[in-house]
Amino acid sequence: MEISLLSGALGAEVKGINLKDSSNDNWQQINNLMLEHKVLFFRDQDISSEEQINLAKKFGPLEKHVYVKGLKDYPEIVRIIKGPEEKHQWGETWHTDVSYSSKPTKVIILRSRKIPPVGGDTMFSNMEIAYETLEDDIKKKIEGKKAIHTSLGAAAFVDKYEEMEGNGNLVEYTNEHPIVRTHPETNKKILYVNSMYTKKIIDMDKKESDEILNKIFQHQERLDFTCRFKWTENAVAIWDNRSTQHQGLTDFFPGRGLGFERIMDRIAVEGDHPK
Ligand code: SIN
């Protein structure tokens, strides 16, 4: 096995592991590496939808997306499609998947099917380091506090994206989570708010809450907490959604990334109640 680190903060590209193999031993090795590096990348893994599902199931029960229609034969798979002329793509600003849910996603397995020659890399950020490096003054203010996360409604997930289709659910979800959660497997502290879904700190007036959240969001965007993956076809990313944030870059500009399709298959694994 060969491991190449992507940045000083997180992420590793792994060679020598076959993702078609969902045996306990193979999964255990992948899980250990994921806990260590937070996001793993694998190239040239031409796995079928069944193989992607089998591997994902090793991490726990699978989650169906609350708003987006899954594939007809594999409802657990959301096919993320950016059409050639689209300048936006799904997941295009920093976020933690589904943090508006009472049990936000544990792990994501994202597999590339069609990739533009340039543009649409995915960035990841390490929220354990974000917590460790947070100013003491802010750490004190958020100690023991919870924040409200809201889903923004179905429209936010489909209306802007021509190729994404809703499943008809129009309910809006809102849940409270600790601002600092403890990772259930590593026991590390994680800064658990994100600029996409976190709206307000509970038991704090709106002005102060906005000030603190904006400072935290700015801090979370520090480039030294990140890594960036340039996709190739049949590549797979497996990430710990509890301790990271991510965004799909929307750098589709004329004469470069614009004019090409980008297609990814996403499977999410159910998480637990953040504590
Ligand atoms: C996502 O936000 O889940 C998708 C990221 C990507 O397609 O790069």
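Colleague: How many bridges join strand E7 to E13, and how do the two run?

Modeller: Four bridges join E7 (residues 122-126) to E13, and the two strands run antiparallel. One of the bridge pairs is Phe-124 with Cys-227 in E13. Do keep in mind that this is a predicted model, where local features need pLDDT of at least 70 and side-chain atom pairs count only at pLDDT 80 or more, while totals for chains, interfaces and linings use all residues. Residues are numbered from 1 along each chain as its sequence is written, and side-chain values use heavy atoms, with hydrogens and water left out.

Colleague: What makes E7 and E13 a pair?

Modeller: Two strands pair if DSSP finds at least two bridges between them; E7 and E13 have four, so they pair.

Colleague: Why are E13 and E15 said to stand at the edges?

Modeller: The open sheet has the order E13-E7-E15, with antiparallel pairing. E13 (226-229) and E15 (244-248) each have a single partner strand, so one side of each lacks a neighbour in the sheet.

Colleague: Why are H1 and H2 called roughly perpendicular?

Modeller: The axes of H1 (residues 24-37) and H2 (residues 49-59) come within 10 Å and cross at roughly 65 degrees. Angles of 65 to 115 degrees count as roughly perpendicular, and therefore H1 and H2 get that name.

Colleague: Which residues of H1 and H2 meet?

Modeller: With contact meaning heavy atoms within 4.5 Å, Asn-24, Trp-27, Ile-30, Asn-31 and Met-34 in H1 meet Leu-55, Lys-58 and Phe-59 in H2. They divide into five nonpolar, two polar and one charged.

How values were computed: Axes fitted to C-alpha atoms, helices over the stretch in contact; angles between N-to-C directions. Parallel < 35°, antiparallel > 145°, perpendicular 65-115°, else oblique. Nonpolar A, V, L, I, M, F, W, Y, C, P; charged D, E, K, R; others polar.
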